[in-house]
Amino acid sequence: MKKATKLAALKYNWRMTPRYEINIEDLKSLLRYEPETGYFYWLKKVRPICKLDKPAGTINQCGYSIISFQHQLYSAHRLVWFYVYGVWPKRALHATCDI
């Protein structure tokens with residue numbers, strides 16, 4: 001792996017590593033999860049860009065959904081685990097591009 005690619009990967013992974021853990025009450029007060037579709041939806045407009053009728057988040061360069069919550073980026077699949085089970089996953093959920 002080239003040095004620039006390694007640095008980009010480290011920087012990217014650092015951004016996706018929570019600086020602090022959010023609590024489940026805050027998450028459930030702002031986001032609604034629909035297990036049938038796998039999407040999160042905002043319950044409140046926390047920023048002008050938030051749309052209540054569209055899925056929350058965006059797709060990253062690896063093809064995974066990410067959501068900005070309390071000034072921190074989170075992988076949607078990790079938020080789903082936390083939302084459903086109330087604890088963060090202990091290991092990587094994907095072999096590549098895990099964030």
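How many residues lie between E1 and E2 in their hairpin? There are 4 residues between these two strands. The turn includes Gly38, which has a positive phi of about 85°.

This is a predicted model. Its mean pLDDT is 77, and 72% of the residues reach 70 or more. Over residues 1-15 the pLDDT is below 50. Beyond near neighbours in sequence, that stretch makes 8 contacts in the model.

**The hairpin**

Strand E1 covers residues 31-34, and strand E2 covers residues 39-42. The two pair in the antiparallel sense, over 4 bridges.

**The open sheet**

Now look further along the chain. Here 3 strands form an open sheet in the order E3-E4-E5. The pairing is antiparallel. Strands of a sheet pair through backbone hydrogen bonds, either parallel or antiparallel. Strands E3 and E5 are the edge strands, and each pairs on one side only. E4 and E5 are joined by 4 bridges. Ile66 has Ser75 in E5 as its bridge partner. Helix H3, residues 76-85, packs on this sheet. The helix touches E4 and E5, and its direction makes about 80° with that of E5.

| E3 | 58-59 |
| E5 | 72-75 |

**The largest pocket**

What is the volume of the largest pocket? The value is about 200 Å³. Its lining has 14 residues. Nearest the centre of the pocket lie Trp42, Arg47, Ile49, Ala56 and Gly57.

By type, the lining divides into 8 nonpolar, 3 polar and 3 charged residues.

Conventions. Residues are numbered from 1 along each chain as its sequence is written. This is a predicted model: local features need pLDDT of at least 70, side-chain atom pairs count only at pLDDT 80 or more; totals for chains, interfaces and linings use all residues. Side-chain values use heavy atoms; hydrogens and water are left out. On a 1 Å grid over the protein atoms alone, a cavity is a set of points where a 1.4 Å probe fits but cannot get out, and a pocket is an open set with protein on both sides within 12 Å along at least five of seven lines; lining residues have an atom within 4 Å of a point. Grid points are joined across faces, edges and corners, and a volume is the space filled by probe spheres set on the points. Ala, Val, Leu, Ile, Met, Phe, Trp, Tyr, Cys and Pro count as nonpolar, Asp, Glu, Lys and Arg as charged, and the others, Gly among them, as polar. pLDDT is the predictor's confidence in each residue, from 0 to 100. Contact means heavy atoms within 4.5 Å. Two strands pair if DSSP finds at least two bridges between them. Axes are lines fitted to C-alpha atoms, for helices over the stretch in contact, and angles run from 0 to 180 degrees between N-to-C directions.
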